[in-house]
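Hello,

Here is the structure I promised to pass on. Please open it first, then read my notes below.

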Amino acid sequence: MPELPEVETVRRGLAPYLEGHVIERVTIDRHDLRRPIPFDLGQRLTQRRIERLDRRGKLMIWHLDSADAVLIHLGMSGRMAVSSAAPAQKHDHVRLGLDSGDHVVFNDPRRFGFFDLVSAEALVSDPLLSTMGPEPLDDMFTASYMLTALQGRTAPIKNILLDQHVVAGLGNIYVCESLFKAGIAPDRSGNTLSNAEIQRLIPAIQAVLTRAITVGGSTLRDHRKPDGETGYFQIEFSVYDREGQPCPNHPTNPAHKILRTVQSGRSTYYCPGCQT
């Protein structure tokens, strides 16, 4: 599933093509996504200007010059593409023609994403947005905040960081990488982390996310930037998907080999020698 860096990469890639432009044509090939596409989507989007593109967690928000906003989740396999022509492809669900002559396409083979249109008023109370935790790259995401959030939490720290109510946008890849960078074992109970460990964890998360955004996110299978280019952060993985390989911190020490375990149905990759 695209995580914060992938969605932010897509947002940045789309912004120069969309912001300030008018949607002149809307084609919808199917409505039955994770959230059904509104049947009046075409009518409400046609001749609307896209004022700006935002991101919140793993969601993209297009603010329009009307009382509506487009809310997009890429799901497991969704992507947005921009081209000067719009030949229909399999799994294209929404195609937009802009006043610039460009075409923007929402494609999602597994249909776990959505392309929704909500009123600006309803956006504030949308269940996915209203309960979301702070953005990990914002000033509100501090060691003090995490110390409070972890009080009384006996769940593994990895599971807590994946909880979108605690922090927005983190997923399996970047939690594994961040915990490795911070030297914290993924199965540690959240309430056992010391203040010093939390002080390491916050900048570790921020450094991993910032680097991933810089190189366009991680492309394991589906993620593509709007211009079709892949991300490159997977080349820099320290632990994720590296089971059995040497730890990058201690490449010659057999006690520091990358292991894989399963937590809540998800693969966790870690170095038992570095993460305690």
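This is a predicted model: local features need pLDDT of at least 70, side-chain atom pairs count only at pLDDT 80 or more; totals for chains, interfaces and linings use all residues.

**What I found**

**Overall**

The protein has eight helices and 10 strands. Its radius of gyration is 20 Å, close to the 19 Å that the globule rule gives for 276 residues, so the protein is as compact as a globular protein of that length. Along the principal axes, the C-alpha atoms fill a box of roughly 60 × 35 × 30 Å. Of the 276 residues, 52% count as buried. Take the contacts with a separation of 6 or more: 65% of them come from residues 24 or more positions apart.

Start with β4, residues 68-73. It is mostly covered, with six of its six residues buried. Asp68, Val70 and Ile72 point one way from the strand. Ala69, Leu71 and His73 point the other way. Both sets are buried.

β4 pairs with two strands that I looked at. With β3 (residues 59-64) the pairing is antiparallel, over five bridges. A hairpin of three residues joins β3 to β4. Ile61 stands opposite Leu71 in β4. With β8 (residues 114-119) the sense is again antiparallel, over six bridges. There, Ile72 has Phe115 as its bridge partner.

**Aromatic rings**

How many aromatic pairs does the structure hold? The count is seven. One of them is Trp62 with Phe115, an edge-to-face pair at 5.7 Å centre to centre and 85° between the planes. This pair links distant parts of the chain: Trp62 sits in β3 and Phe115 in β8, 53 residues apart. Both Trp62 and Phe115 are buried.

Phe237 and Tyr240 make another pair. Their ring centres are 5.4 Å apart and their planes stand at 80°, so this pair is edge-to-face. Phe237 and Tyr240 are buried. Ring pairs also tie Tyr174, Phe233, Phe237, Tyr240 and Tyr269 into a cluster.

The charged end of Arg35 sits over Phe114, 4.6 Å from the ring centre.

**Nonpolar cores**

The largest nonpolar core has 41 residues. Met146, Ile157, Leu161 and Leu201 have the most contacts inside it. Which elements give two or more residues to this core? They are α5 (143-150), α6, α7 and α8 (195-214). The largest share, nine residues, comes from α8.

Look at Leu161 in detail. Leaving aside neighbours within four places in sequence, Leu161 is in contact with Met146, Val167, Leu170, Val175, Leu179, Leu201 and Ile205.

Is Leu170 buried or exposed? Leu170 has a relative accessible area of 1%, under the 20% cut-off, so it counts as buried. Leu170 is in the loop between α6 (157-162) and α7 (172-182). Beyond its neighbours within four places in sequence, its contacts are Glu3, Lys58, Pro136, Leu161, Leu162, Gln164, Val175, Ile205 and Leu209.

Gln47 has a phi near 70°, a positive value in a residue other than glycine. Gln47 lies in the loop between α2 (41-45) and β2 (50-56). Its relative accessible area is 47%, so Gln47 is partly exposed.

His91 also has a positive phi, of about 75°, although it is not a glycine. The loop that holds His91 runs between β5 (79-83) and β6 (92-98). His91 is at 31% relative accessibility, so it counts as partly exposed.

Best wishes

Conventions
Residues are numbered from 1 along each chain as its sequence is written. Side-chain values use heavy atoms; hydrogens and water are left out. Helices (H or I, at least four residues) and strands (E, at least two) are DSSP runs, numbered from the N terminus. Buried means under 20% relative accessible area, exposed over 50%, partly exposed in between (1.4 Å probe, protein chains only). Contact means heavy atoms within 4.5 Å. Two strands pair if DSSP finds at least two bridges between them. Rings of Phe, Tyr and Trp (its six-membered ring) pair if their centres lie within 6.5 Å; planes under 30 degrees apart count as stacked, over 60 as edge-to-face and the rest as tilted. A charge sits over a ring if NZ of Lys or CZ of Arg is within 6 Å of the ring centre and within 35 degrees of the ring normal. A nonpolar core is a set of buried Ala, Val, Leu, Ile, Met, Phe, Trp, Tyr and Cys residues joined through side-chain atoms within 4.5 Å. The radius of gyration is taken over C-alpha atoms; the globule rule is 2.2 Å times the number of residues to the power 0.38.
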